[in-house]
Amino acid sequence: MLRTTASLACAATLGASAAWGQVTLGLEAAKAEIHDSDGTFIGTLYVQQTPSGVTSLVLAVNGIPEGTHGVHIHEVGECEPPGFESAGGHVADGREHGIMVEGGPHPGDLPNVVAGDAGIVNVEMFNPRLDVSDHLFDEDGAAVVIHAGSDDYTTQPAGDSGPRIACGVITREDTGEPE
Ligand SMILES: [Cu+2]
């Protein structure tokens with residue numbers, strides 16, 4: 001009985017670590033260190049291609065205002081504070097912005113995140129449209145951007161989500177050779 005309990009606990013621990021940003025050998029993975037408009041480091045985004053072709057993103061930030069925030073993958077890997085306009089528009093691939101729009105969403109569109117009064121967000125997201133090789137590692141790279149307000153998933157081109165309050169340049173993570 002004791003033995004069964006121990007192995008179940010072990011399986012649960014392994015499952016959790018695989019979901020939270022652990023890389024899989026030979027599949028594309030990426031990371032962004034996110035800074036706010038003052039240049040303060042506030043957290044990290046991990047991005048990973050998975051065997052199913054769906055991209056997994058794990059966002060962990062500490063130090064954004066309480067409330068709901070739009071988060072997107074923007075098309076240029078440059079984060080020039082304070083406004084982060086250098087990151088350009090969303091990774092769009094000719095699509096419309098937002099899940100509530102016909103012809104949407106952008107591959108760079110992500111669900112809103114909610115920060116409590118401590119300013120912390122810890123979330124894992126799946127994105128079937130975002131391709132790590134094609135969208136993140138193209139010539140001008142890519143960046144993750146957090147907005148001051150929430151994305152309404154409708155308004156073009158960015159869901160009326162307000163100013164850009166944090167940004168992280170996405171860089172490739174070495175995942176070794178395919179097995
Ligand atoms: Cu955005």
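Which residue in β8 does His 74 stand opposite?

Mentor: His 74 faces Ala 143 in β8. Before we go on, please keep in mind that this is a predicted model, in which local features need pLDDT of at least 70 and side-chain atom pairs count only at pLDDT 80 or more, while totals for chains, interfaces and linings use all residues. Residue numbers start from 1 along each chain as its sequence is written.

β5 and β8 run antiparallel and are joined by four bridges; strands pair if DSSP finds at least two bridges between them. (Strands are DSSP runs of E with at least two residues, helices runs of H or I with at least four, numbered from the N terminus.) Stepping back, the pair belongs to an open sheet of seven strands, in the order β5-β8-β9-β1-β2-β3-β7 with antiparallel pairing. β5 is an edge strand, as is β7 (120-127), and each pairs on one side only.

Now look at Ala 143 again. In the largest nonpolar core, which has 33 residues, Ala 143 is among those with the most contacts, along with Ile 34, Val 47, Val 144, Cys 167 and Ile 170. Such a core is a set of buried Ala, Val, Leu, Ile, Met, Phe, Trp, Tyr and Cys residues joined through C-beta atoms within 7 Å. The elements that each supply at least two residues to this core include β5 (71-74), β8 (143-147), β9 (164-173) and α2 (132-136). Cys 167 touches Ala 143 and Val 145, and also Ile 34, His 35, Cys 79, Phe 84 and Ala 87, leaving aside neighbours within four places in sequence; contact means C-beta atoms, placed from the backbone, within 7 Å.

How far can you trust the picture? The chain averages a pLDDT of 88, and 84% of the residues score at least 70; pLDDT is the predictor's confidence in each residue, from 0 to 100. Over residues 1-19, however, pLDDT stays under 50. Where pLDDT is low, the predicted coordinates should not be read in detail.

Terms used. A residue is buried if 20 or more other C-beta atoms lie within 10 Å of its own, exposed if 12 or fewer, and partly exposed in between; C-beta atoms are placed from the backbone. Two residues are in contact if their C-beta atoms, placed from the backbone, lie within 7 Å.
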